[in-house]
Amino acid sequence: MSVVYEPPPEISASIAISSVDVVGQEVRNRCVAIGITNIRVIKRILRFAKMIQPVLEDYEPDVLKIAITSITLFSWSHDQPEQAPPLGFLRSKTADSLVGAEKPLNALELGDSHLF
């Protein structure tokens, strides 16, 4: 007999994220909203979000929120493919369905090629 304990997303996020800054709060909210319970995945998402924050500091705060949402989805899909939507599905979504534009996402056209 074995016992597996999988804490709810709220507990996992609280364990993984001790910071109370904007990035920590946004990552926590996104991870809880989509139900991520893997603490390592949450910590990785937080690390990526903190890396992108200085790049986006000259933009409106909503740009950072959108970036954190994308980082959360893509990281989750990459790190937990058995639980998250496949990367191919996320890539096939239009920018309209993700952030409000009308064509498929293309990092080079958006001028974000330096981020990859």
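**View 1. The largest nonpolar core of this predicted model has 20 residues.** Look here for Val23, Val27, Ile36, Ile42 and Ile45, the residues with the most contacts inside this core. Four helices each supply at least two of the core residues: helix 1 (9–16), helix 2 (22–34), helix 3 (39–52) and helix 4 (61–79). Which helix gives the most to this core? Helix 3 does, with six residues. As background, in soluble globular proteins nonpolar side chains tend to be buried together.

**View 2. Valine 27 and its contacts.** Set aside the neighbours within four places in sequence, and valine 27 is in contact with Ile17, Ile42, Ile45, Leu46, Ala49 and Ile68.

**View 3. Isoleucine 71 sits in helix 4.** Is isoleucine 71 buried or exposed? Its relative accessibility is 16%, so isoleucine 71 counts as buried, the cut-off being under 20%. Beyond its neighbours within four places in sequence, isoleucine 71 is in contact with Ile45, Phe48, Ala49 and Ile52. Arginine 30 is 41 residues from isoleucine 71 in sequence, yet their C-alpha atoms are 9.8 Å apart in space.

**View 4. Aspartate 21 forms a salt bridge with lysine 50.** The closest N and O atoms of this pair are 2.7 Å apart. The bridge links distant parts of the chain, since aspartate 21 belongs to the loop between helix 1 and helix 2 and lysine 50 to helix 3, 29 residues apart. Both partners are partly exposed: aspartate 21 has a relative accessible area of 29%, and lysine 50 has 32% relative accessibility. Serine 19, in the loop between helix 1 and helix 2, makes a side-chain polar contact of 3.2 Å with the side chain of aspartate 21. Serine 19 is also in contact with residues including Arg28 and Lys50.

View 5. Glutamate 26 is buried at 10%, whereas arginine 30 is partly exposed at 23%.

**View 6. A nonpolar patch lies on the surface.** Tyr5, Ile11 and Ile15 make up this patch, with about 350 Å² of accessible area together. Tyrosine 5 is found in the segment before helix 1 and is exposed, with a relative accessible area of 65%.

How values were computed:
Residues numbered from 1 in each chain as written. Predicted model: local features only at pLDDT ≥ 70, side-chain atom pairs only at ≥ 80, totals over all residues. Heavy atoms only, no water. Core = buried A, V, L, I, M, F, W, Y, C linked by side-chain atoms within 4.5 Å. Buried < 20%, exposed > 50% of the residue type's maximum accessible area, 1.4 Å probe, protein only. Contact = heavy atoms within 4.5 Å. Polar contact = N/O pair within 3.5 Å; in protein donor to acceptor, adjacent residues only side chain to side chain. Patch = residues over 30% accessible without salt bridge, like charges linked within 9 Å, V, L, I, M, F, W, Y side chains within 5 Å. Areas by Shrake-Rupley, 256 points an atom, 1.4 Å probe, with all protein chains shown as cover. Salt bridge = Lys/Arg side-chain N within 4 Å of Asp/Glu carboxyl O.
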